[in-house]
Amino acid sequence: MKKTKIFGHRGAAGTHPENTMISFKEAAEVGADGIELDVQLSKDGEVVVIHDEKVDRTTNGKGYVKDLSVKELKKLDASHKFSKKYGFCGIPTLEEVFEWAESNQLEINVEFKNSLFEYEGLERKSIELVHKYKLQNRVIFSSFNHESLVKAYKIDPTIEGAILYMEKMYEPWEYAKILHLGAIHPYRRTVRLDIVEACRQNKVAIRPFTINDKKEMKKLIDFNCDAIITDYPSKALEIRDKGAGSKILGFL
Ligand code: G3P
Ligand code: CA
């Protein structure tokens with residue numbers, strides 16, 4: 001059986017400023033199999049990597065991402081609560097992340113953050129970048145906006161799409177198949193072993209989020225999820241590679 005992959009959520013958001021290059025580099029350095037990041041469009045239509053629709057929480061700026069040009073966004077410090085430790089950290093563009101990805105083999109889960117604002121062209125622009133950097137086999141698109149995933153599928157059906165959801169769903173693997181999507185990314189509390197097994201039988205990948213508790217990491221690794229998404233990739237790797245999957249780590 002394949003090992004459960006470890007995806008660093010917003011890079012390594014538990015220890016580094018979320019959705020910044022330093023956070024992605026940390027995930028790579030500790031040996032994560034993949035990273036997760038969030039994308040939106042700037043005022044001038046650049047695909048930028050940031051979680052909230054407003055820059056207020058994670059930067060020293062104010063306002064909506066959609067109302068700021070990439071030049072204005074680039075001036076903001078996204079070091080957030082880690083500013084003393086890491087100094088200035090810029091908001092990356094998706095292109096910058098993809099350019100850096102040429103130096104590694106990480107899988108990249110790009111989440112379209114377009115539930116509140118539609119960001120016309122976000123899917124197409126992201127796909128153009130995937131093609132430019134030949135990352136079709138390493139990128140997974142996900143979104144809570146399932147229409148957006150279908151839009152992306154219609155543009156390029158070779159790039160995997162994953163439905164994100166928070167509440168329990170009836171047979172989510174069937175729903176994913178109806179939408180021609182290869183994966184589900186469920187909220188951690190909705191995941192049970194029978195769901196993981198049904199996904200496996202139906203060849204639908206399952207990657208729950210956001211798993212930060214050691215016991216829960218061990219449980220979902222024992223379930224043999226395809227991946228878990230965590231703010232602490234180094235902690236998850238330690239658990240996985242020290243044999244958490246062997247069900248013997250009773251001390252955790
Ligand atoms: O992709 C998993 C997770 O990131 C979805 O929720 O709010 O952390 O983007 P959120
Ligand atoms: Ca996300």
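Predicted model: local features only at pLDDT ≥ 70, side-chain atom pairs only at ≥ 80, totals over all residues.
View 1. Residues are numbered from 1 along each chain as its sequence is written, and side-chain values use heavy atoms, with hydrogens and water left out. Along the principal axes, the C-alpha atoms fill a box of roughly 50 × 45 × 35 Å.

**View 2. The residues around ligand 1.** Ligand 1 is surrounded by H9, R10, E36, D38, H51, E111, K113, F144, L164 and F209, where a residue counts as near if one of its heavy atoms lies within 4 Å of the molecule. This shell is made up of 3 nonpolar, 2 polar and 5 charged residues; Ala, Val, Leu, Ile, Met, Phe, Trp, Tyr, Cys and Pro count as nonpolar, Asp, Glu, Lys and Arg as charged, and the others, Gly among them, as polar.

**View 3. Polar contacts of ligand 1 with H9, K113 and E111.** A polar contact is a pair of N or O atoms within 3.5 Å. From an oxygen atom of ligand 1, a polar side-chain atom of H9 lies 2.6 Å away, and one of K113 lies 2.9 Å from an oxygen atom of the ligand. For E111, a side-chain N or O atom is 3.0 Å from a ligand oxygen atom.

Terms used. Chains lettered and ligands numbered in written order. Polar contact = N/O pair within 3.5 Å; in protein donor to acceptor, adjacent residues only side chain to side chain.
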